[in-house]
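Here is a short report for a first look at this structure. Please view the sequence and the model, then read on.

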Amino acid sequence: MSEFSELIKNFDKIREYMRDFYVYGFKTRGDYTAKSARTYDNERRRIESWLSHSVRWENSARGKRVFLSVDSARVPQNPLYAAWKSKSFTKTDIRLHFFLLDLFADGEARTTEQAADAMSERYGAVFDAQTVRAKLREYEREGVMRGEKRGRALYYTLSARALDSMPCRRELLDAVRFFQEVAPFGFVGSTLLDTAEEENDLFYFKHHFIVHTLEDGVLGALTDAIDGRRSVTLENYSRRSGHRTFIQGIPLRILVSVQSGRRYVCLYRSTVRRFVNLRLDSIAAVLPGESVPEFEALQQALDRALPSCWGVSFGGRHRKEQLFMKLRIDAEQESYLLDRVRREGRGGELLQIDGNTFLYSIETYDANEMMSWIKTFTGRILSLECTDSTLVRKFCSDMRRMYDIYCGEGKR
């Protein structure tokens, strides 16, 4: 019998499994139909060995449901990094990058072969001399390394600029402590702290979106496509319908919600000639395509369009809608409300009609995204008009339902 391995090769599978069962927490053992029940048990044991301190469960009519329970303001490190650390990675440039900088920090000149031998002896990491040579040449072009011919051999040293800019170890590790919890690919920072036998003892975050590390692999593939100005084909998975679709387009920008931390890729779909935003946690795979000559022009068009988005929607018709909301606010006693409208109004205009009557107006692609914000002014709204009449009807219907609940005949 072969020994059970905690290392995983297919991270996409474990990513979906962790989200469906442990993050969203709405599936039971009976809902796992992809493979056998034994596969479910193996994956469950693997995940719970990583996250045993955070796993909770409850019994429902459909069976036992497992989920994660984490107070993000009290964890010094994202616990979901454990999944990345259990992936069986091959040797990558990221290790070579830090080994080279640390090796050459002593100012000593070395040839490619000497550098490869020194890394093997000092760090126990074996790199092919050709790989080291290519990396040193790249850093020489970027001004990080300096090459000097001595006889027939080429010796490398860190450039004076690189040496002057290298921080002390403590300062660097403090930056890594912060980076690992706030930046995309924070798993890299967590791994560096593990290597240095250090932990985060400085930073805790009230709003900590820990689950989004599960889509960092998708994010990396998309940023590669954006940097390379290439089109992509996305395999998109709908958890509501369970359907998988393939969407072709040109990725232009990654957008992040300041409220939920949810991340989106802004895609230009040439077949329908419009921008769309897709959630990264619904993307199962990214397939790179051809280079796009008009990439810069599309980014400029996106820059012009984004200020008219309230959230992430460009609307069904890709045409701007106009919304007008008349508010009654005591200008003297409630000036904080006026400040709030100006601060949260996202480019809308606020005009004073008379002493305590104000008109807020805006042009946006999808006014329906504003509904939650509009309802926070309930009791102060005098009138609401919009070129999308369905939004006004929905708002009035919601107000009537609320009135029936609190003031109607059925009230308690």
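Strands here are DSSP runs of E with at least two residues, numbered from the N terminus. The model is a predicted one.

**A serine in a strand**

Strand β12 covers residues 357–364, and serine 361 is found in it. Is serine 361 buried or exposed? Its relative accessible area is 16%, so serine 361 is buried, the cut-off being under 20%. Leaving aside residues up to four places away in sequence, serine 361 touches Leu323, Phe324, Gly348 and Glu349.

**Cysteines**

The count of disulfides comes to zero. Cysteine 266 is in no disulfide. The nearest cysteine sulfur belongs to cysteine 309 and lies 7.6 Å away. Cysteine 266 counts as buried, whereas cysteine 396 is partly exposed.

The table sets out the accessibility values.

| Residue | Relative accessible area | Class |
|---|---|---|
| Serine 361 | 16% | buried |
| Cysteine 266 | 0% | buried |
| Cysteine 396 | 32% | partly exposed |

**Two helices in contact**

Helix α5 spans residues 112–123, and helix α6 spans residues 129–141. They pack at an angle of about 115°, with their axes 9 Å apart. α5 and α6 are therefore roughly perpendicular to each other. The crossing of α5 past α6 is right-handed.

Which residues of α5 meet α6? They are Thr112, Glu113, Ala115, Ala116 and Met119. On the α6 side, the partners are Ala129, Val132, Arg133 and Leu136. The residues of this contact divide into six nonpolar, one polar and two charged.

Methods. Residues are numbered from 1 along each chain as its sequence is written. This is a predicted model: local features need pLDDT of at least 70, side-chain atom pairs count only at pLDDT 80 or more; totals for chains, interfaces and linings use all residues. Side-chain values use heavy atoms; hydrogens and water are left out. Axes are lines fitted to C-alpha atoms, for helices over the stretch in contact, and angles run from 0 to 180 degrees between N-to-C directions. Helices (H or I, at least four residues) and strands (E, at least two) are DSSP runs, numbered from the N terminus. Angles under 35 degrees count as roughly parallel, over 145 as roughly antiparallel, 65 to 115 as roughly perpendicular and the rest as oblique. A crossing is left-handed if the near helix is turned anticlockwise from the far one by less than a right angle, and right-handed if clockwise. Contact means heavy atoms within 4.5 Å. Ala, Val, Leu, Ile, Met, Phe, Trp, Tyr, Cys and Pro count as nonpolar, Asp, Glu, Lys and Arg as charged, and the others, Gly among them, as polar. A disulfide is a pair of cysteine sulfur atoms within 2.5 Å. Buried means under 20% relative accessible area, exposed over 50%, partly exposed in between (1.4 Å probe, protein chains only).
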